[in-house]
Amino acid sequence: GGGGGGGGGGGGGDIGAYAYDGGGQPGKAEAELTKKLMAVRRELPGGDKKVSACYPEKGARDIAKKLPASELQLSRCDGIGEQKARKFHATILPLIRAFCEAHDEMRIRWAERVEQARVEDAAAAARAEAEAVIASAASLAGQSKDSAVEARLQYLRGKAATCGPDGRGSAEAEQLLAVAVKLDPSLDGAWNAIGECYWQRGDLEAARGCFLGALAHRRSAASLCHLSMLLRLIARRSAPDEARAGVLESLSLAREAVRLEASQGAWFSLGNAQLAVYNTCTAGSEELHRAGKAFTQASRVGGGSSEGAMGADLAMNHGLSLFLLEALEPAMEAYATAHSLDPSVGADRMRHEVWEYARRVSDALGASGGGGGLKQRRVPLPEPPPPSAAEDTHPRADVQQLRAGDNPGVRLRLRLLAPLPESPQRLHRSFAAADRSGAVVALALFGHNLPPALRGPAAKGATVEVEAPSLV
């Protein structure tokens, strides 16, 4: 993602952030759940003879930390495995659920685990259905010697294998997909799928080679989006000049994808690429506006009510673009949508971050206005030099004369009063500023090329003239 995606973004919550306190020690609720899991061992099959045979204390702590919501998740805890999970889940899972629902600090993590279990169960069902269809197709193909048919069967088997517990990190999937591209090098879907496997295990150069291999045979939107996303990831690990070049190439690929296929995924990729340009190249508002338009178009193409991972990531990254543009209420609405689609992406945390940022900015504006909110007061502004004959002379306006949104053909003169609180995602600078009438506003100044006078402590007291201001 971009944001997440973030990115970008903003995607993926911090699992465990709500159940730990300082020093890396388990929180009180988690320690209490560990005690309950230790005590319940006597009620488990075989526990009446030797409780440690069920699972040791280390296993109880791991269960309390991971909060399994399904038999599969329980089997991954220390000292459990498939057989014990099959025997113990009917007792352990209801205990965990009841405990988490009774403790606010555990409820968010529990909701995330439930959603993950739902996705895993759906993936397992999809794999079983896919394997049945593939077996039927193989039977119909019979003893065909057509390498293209066999390549497609291997490709489908490989895709089905990625729905297993190891996901795209499955060695079985990688082997099946490698056979598919060997049998039919023009099968771009198989190239993309094996590229995802390499990506999952961290071999980014091998993944790039696969996506380029797919594009060598066909310029498809899917391959372009894969490579665009990978280049943004590589850029985050590169030197500044290489990073900027990689991000601009990523943007070019995303634009080509939209031209080929104006799908939800292509528009989403373009929005993420625009966010990356803001983050890596310009810190400009134009990129944020373009990202927002791309995310809006992606939502429209998807019917405005996308479900699952794409919908949640889309809403998360749209929320980030709005947050960076100071559109705080729409950003909170976007994060609320993301949370409703997938509680595990961390949208609720971002919504609280926006709210906290808005509160701190409001407090700072109140202090800049003399402690009385937007208190009227005279602000001495020096007279501007007379315009040259060639200079465009737009009419000057006060804050109260602006309308919501863009104000073309208008200039606004403001005195910077104080810098506003910063946020980790922001690369631009924000100030409390006042016009001649005394109206106090939050002013966001975008771009890497701000004059030196607006970067350091000397910015306080400076006068700026904003052409075509946008009011949010």
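Q: Where do we start, and how does H12 pass H13?
A: H12 passes H13 in a left-handed crossing. Keep in mind that this is a predicted model.

Q: At what angle do the axes of H12 and H13 cross?
A: They cross at roughly 165°, and the axes come within 8 Å.

Q: Roughly parallel or roughly antiparallel, then?
A: That angle makes H12 roughly antiparallel to H13. The cut-off for that label is over 145 degrees.

Q: Which residues meet there?
A: From H12, the list includes Gln 264, Trp 267, Phe 268, Leu 270 and Tyr 278. From H13, it includes Glu 287, Leu 288, Arg 290, Phe 295 and Val 301.

Q: How do the residues of the contact of H12 with H13 divide by class?
A: Twelve are nonpolar, six are polar and two are charged.

Q: What about the loop between H12 and H13, which residue can you place there?
A: Ala 283 sits in that loop. H13 covers 285–301.

Q: What is phi of Ala 283?
A: Near 55°, which is a positive value in a residue other than glycine.
Most residues other than glycine have a negative phi.

Q: Is Ala 283 buried or exposed?
A: Ala 283 counts as buried, because its relative accessibility is 0%.

Q: Which other residue other than glycine has a positive phi?
A: Glu 326, with phi near 70°. Glu 326 lies in the loop between H14 (308–324) and H15 (328–341).

Q: Buried or exposed, for Glu 326?
A: Glu 326 is buried too, at 18% relative accessibility. The cut-off for buried is under 20%.

Q: Back to helices. How do H11 and H12 pack?
A: Their angle is about 160°, and their axes are 9 Å apart. So H11 is roughly antiparallel to H12. H11 spans residues 240–260, and H12 spans 264–282.

Q: In which hand does H11 pass H12?
A: The crossing of H11 and H12 is left-handed.

Q: Which residues make the contact?
A: On H11, they include Ala 243, Arg 244, Leu 248, Ser 250 and Ala 254. On H12, they include Trp 267, Ser 269, Leu 270, Gln 274 and Cys 281.

Q: And by class, what does the contact of H11 with H12 have?
A: It has 14 nonpolar, four polar and two charged residues.

Q: What does Ser 228 touch?
A: Ser 228 touches Ser 250, Leu 253, Ala 254 and Ser 269, leaving aside residues up to four places away in sequence. Ser 250 and Ala 254 are in the H11 side of the contact with H12, and Ser 269 is in the H12 side.

Q: Where is Ser 228 itself?
A: Ser 228 is in H10, residues 221–235. With 0% relative accessibility, Ser 228 counts as buried.

Q: Switching topic. Which helix holds Leu 212?
A: Leu 212 lies in H9, residues 204–217. Its relative accessible area is 45%, so Leu 212 is partly exposed.

Q: How far is Leu 212 from Leu 224?
A: Their C-alpha atoms are separated by 8.8 Å. Along the chain, the two are twelve residues apart.

Q: Now strands. How many residues of E4 are buried?
A: Six of the six, so E4 is largely enclosed by the rest of the structure. E4 covers residues 429–434.

Q: Which way do they point?
A: Arg 429, Phe 431 and Ala 433 point one way from E4. Ser 430, Ala 432 and Ala 434 point the other way.

Q: What joins E3 to E4?
A: Four bridges, and the two strands run antiparallel.

Q: What do E4 and E5 form?
A: They form a hairpin with five residues between them. In the turn, Gly 438 has a positive phi of about 100°.

Q: Last one. What about Leu 420?
A: Leu 420 lies in the loop between E3 and E4. It counts as buried, because its relative accessibility is 6%.

Q: What does Leu 420 touch?
A: Beyond residues up to four places away in sequence, Leu 420 touches Val 361, Ala 364, Leu 365, Ser 430, Phe 431, Ala 432 and Ala 442.

Q: How far apart are Leu 420 and Val 361?
A: In sequence, 59 residues. In space, 6.2 Å from C-alpha to C-alpha.

Definitions and conventions
Residues numbered from 1 in each chain as written. Predicted model: local features only at pLDDT ≥ 70, side-chain atom pairs only at ≥ 80, totals over all residues. Heavy atoms only, no water. Axes fitted to C-alpha atoms, helices over the stretch in contact; angles between N-to-C directions. Parallel < 35°, antiparallel > 145°, perpendicular 65-115°, else oblique. Left-handed = near helix turned anticlockwise from the far one by under 90°. Contact = heavy atoms within 4.5 Å. Nonpolar A, V, L, I, M, F, W, Y, C, P; charged D, E, K, R; others polar. Buried < 20%, exposed > 50% of the residue type's maximum accessible area, 1.4 Å probe, protein only. Pairing = 2+ DSSP bridges.
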